Amino acid sequence: VSPPALTVFGERESVVRSYCRVFPAVLASGRGCTITDEDGREYLDFFSGAGALNYGHNHDHLRRRVIEHLERSGLVHALDCYTPAKREFLRRFAAEVLEPRGLDHRVQFCGSTGTDAVEAALKLARKHTGRTTVVSFSGAYHGVSRGSLAATADRSLRRAAGVELGEVSFLPFPTGPAGEFPSVALLERMLADDLSGMDVPAAVILEVVQMEGGVYRFPDAELRRLRELCDRYRIVLIADEIQAGCGRTGPFFSFERAGVVPDLVTVSKSVSGLGLPMSILLIREGLDSWDVGDHPGTFRGNQLAFVAACAALDLWLDPEFRATARTGAETLREFWHEDPPPGAAVRCEGHAIAIDLTEVGGRATADAVVARCFERGLIVESTGRGKAVLKLLPALTTDRDALLRGSAIVRDAIRETTR
Ligand code: PMP
């Protein structure tokens with residue numbers, strides 16, 4: 001199966017464009033878990049804007065709030081000045097997300113993208129510690145600009161930098177049974193040995209659940225050991241919750257289950273709902289070592305994103321939303337664990353499902369499945385090592401029927417491709 005030719009408006013857009021090559025439709029509108037293209041064709045969305053749409057497309061409540069705000073106040077572009085919308089978001093995020101979890105962190109608005117938050121985190125860790133190096137993990141994805149790219153593991157993405165990235169060393173992220181790679185023990189040994197050649201880093205950065213890496217969870221006990229090690233050497237522990245956060249893996253933050261508190265937390269993508277841009281760095285008490293104006297930026301306060309983010313918190317606290325999300329995660333887990341495609345490995349973390357096709361044709365199979373799914377009206381992407389992993393990211397609002405329908409399309413496409 002080959003995707004339809006890219007005839008739309010590619011001529012004037014840089015060749016760097018990527019997703020539109022895989023999903024060559026003009027996406028005109030969206031509602032819930034459905035996208036409709038210009039020709040009226042409907043797609044079930046198991047991609048959710050790369051995890052930015054945990055609340056689905058155009059949720060009525062979020063949309064209404066944004067429209068009301070626009071009608072009442074219009075747009076106030078305010079950089080980081082105080083506005084009612086910003087006050088409301090700060091107040092509610094502290095009261096409804098941070099305080100119930102015992103997190104004493106301050107909130108820094110960083111710009112628009114996840115990359116922006118990671119850059120701020122690395123910069124602050126370096127400023128705070130006076131050190132320069134960083135430790136990251138194999139499989140990690142943290143962003144596209146120089147600092148965040150240096151902490152990103154994918155060699156093909158790193159090559160595009162055109163410069164030596166340096167300053168980051170990588171440990172193996174445990175991808176097998178717990179303990180297969182004693183990464184934290186290895187780090188501990190290197191730090192304790194004056195002759196190891198390893199400087200004490202400013203920070204360790206990790207996704208507790210790696211998403212672009214193929215949906216792998218860092219074992220809880222290892223995470224607690226890492227926390228202790230960071231405490232011992234005054235290393236800043238950064239949790240990147242940009243894709244795994246906001247309920248994607250179940251709890252609001254993916255680190256909650258292990259009971260650790262990271263020093264810095266990056267949040268973006270779904271935090272604002274609707275796909276509006278928002279980028280946040282959470283800074284633990286005592287680490288806010290910036291001087292005033294150290295890290296400016298024109299778009300640090302998108303008013304519509306503040307408004308939508310508050311409406312998203314309404315949903316997050318709504319028992320009906322929570323019940324749908326919980327049942328949805330169970331539905332997905334049952335479907336994929338009870339009858340996994342032969343030869344495929346399945347990993348489930350809430351509404352993030354990896355179907356790893358490495359052993360059944362790898363990328364060729366994954367590409368063919370993605371294309372077949374698209375033909376049948378389902379949007380799903382491939383990721384991970386060798387791009388051999390299908391990653392299902394349906395919105396948390398997706399009902400059971402749609403989850404089963406989409407999952408069946410994927411399963412049938414895998415069966416037909418590997419037959
Ligand atoms: N960190 C993680 C874990 C991500 O998944 C992403 C985006 N896929 C980023 C950082 C970068 O975010 P953005 O694309 O908004 O710059």
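## Helix H13 and its cap

Asp399 caps the N-terminal end of H13, with a side-chain oxygen 3.2 Å from the backbone nitrogen of Asp401. Such a polar contact pairs N or O atoms within 3.5 Å, one able to donate a hydrogen and the other to accept it. The model is predicted: local features need pLDDT of at least 70, side-chain atom pairs 80 or more, while totals for chains, interfaces and linings use all residues. Residues are numbered from 1 along each chain, and side-chain values use heavy atoms, without hydrogens or water.

H13 covers residues 400-418; at 1.5 Å a residue its 19 residues should span 27 Å, and the end C-alpha atoms are 27 Å apart, which agrees. The expected span is 1.5 Å times one less than the number of residues. Helices are DSSP runs of H or I with at least four residues, strands runs of E with at least two.

## Packing of H13

Buried residues (under 20% relative accessible area, 1.4 Å probe, protein chains only) of H13 include Leu403, Ile409, Val410 and Ile414. The buried residues of H13 pack against S3, H11, S14, H12, S15 and S17.

## Leu357

Leu357 sits in the loop between S14 and H12. Leu357 counts as buried because its relative accessibility is 0%. Beyond neighbours within four places in sequence, its contacts include Ala344, Val369, Leu390 and Ile414; contact means heavy atoms within 4.5 Å.

Terms used. Buried means under 20% relative accessible area, exposed over 50%, partly exposed in between (1.4 Å probe, protein chains only).
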